[in-house]
Amino acid sequence: MVTVEEIRVKYPGAEAWQMGDSPELASELADLIKKRIKTASCGSFASYQQEQSAPRLGSYNIILDGQNVPVCVTRLVSMRLVRFCDITEAFARKEGEGDLSLEYWQKEHQRFFTSEGHFSEDMELIAEEFEVTEVL
């Protein structure tokens with residue numbers, strides 16, 4: 001098994017992280033990314049502003065499963081600021097989760113942002129799109 005440190009030799013500066021709010025969800029989302037079903041994600045703009053190192057276009061990310069095992073490497077190809085209420089069906093489909101519908105996306109993301117302590121229909125999100133550059 002390849003380690004995060006070994007991967008960073010090939011992708012200097014790559015951040016390693018999990019998606020989701022549980023180990024089970026992290027593994028599920030990592031698998032969707034690896035299979036190129038999930039090609040987008042989003043986070044609250046407020047939480048991005050609090051991060052030490054904000055993502056940059058062209059940057060690489062090492063996606064970890066629920067056991068912190070590297071699954072694949074992605075490259076950030078698009079970022080935009082969008083309100084929760086303005087997310088489209090097309091973006092929801094690119095998130096690759098559930099039945100791929102906007103309704104599913106809204107329900108799950110409202111749950112997630114509420115659990116983080118902040119949700120509103122007009123909250124600002126950073127909508128990211130990425131491509132898999134290497135499956136590990």
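Glu129 and Lys94 form a salt bridge (a side-chain nitrogen of Lys or Arg within 4 Å of a carboxyl oxygen of Asp or Glu), and their closest N and O atoms are 3.1 Å apart. Glu129 lies in strand S5 and Lys94 in helix H4 (residues 89-95), so the pair ties together parts that are 35 residues apart in sequence. Lys94 is partly exposed, at 34% relative accessibility. Here buried means under 20% relative accessible area, exposed means over 50%, and partly exposed lies in between (1.4 Å probe, protein chains only). Helices (H or I, at least four residues) and strands (E, at least two) are DSSP runs, numbered from the N terminus.

This is a predicted model: local features need pLDDT of at least 70, side-chain atom pairs count only at pLDDT 80 or more, and totals for chains, interfaces and linings use all residues. Residues are numbered from 1 along each chain as its sequence is written, and side-chain values use heavy atoms, leaving out hydrogens and water.

## Other salt bridges

The whole structure holds eleven salt bridges. One of them joins Lys107 to Glu108, with the closest N and O atoms 3.5 Å apart. Lys107 is exposed, with a relative accessible area of 52%. Glu108 is partly exposed, at 21%. Shared partners join Asp21, Lys107, Glu108 and Arg111 into one salt-bridge network.

Another salt bridge links Lys34 and Asp31, at 3.9 Å between the closest N and O atoms. Both residues lie in helix H2, three residues apart, about one turn of the helix. Lys34 is partly exposed at 31%, and Asp31 is partly exposed at 29%.

Helix H2 (residues 23-34) has twelve residues. From first C-alpha to last, H2 reaches 16 Å, close to the 16 Å expected at 1.5 Å a residue. That expected span is 1.5 Å times one less than the number of residues.

Which residues of H2 are buried? They are Leu25, Ala26, Leu29, Ala30, Leu32 and Ile33. They cover an arc of only 160° around the axis, which puts them on the same side of H2. The arc is that of the directions from the helix axis to the C-beta atoms. Their cover includes strands S3 (60-64) and S4 (70-83), helix H5 (102-116) and strand S5 (124-135). Just after H2, Arg36 takes a positive phi of about 65°.

## Cysteines without a disulfide

The structure has zero disulfides; a disulfide is a pair of cysteine sulfur atoms within 2.5 Å. The sulfur of Cys42 is 13 Å from the closest cysteine sulfur, in Cys85, too far for a bond. Cys42 is buried, at 11%, while Cys85 is partly exposed, at 34%.

Technical notes. Contact means heavy atoms within 4.5 Å.
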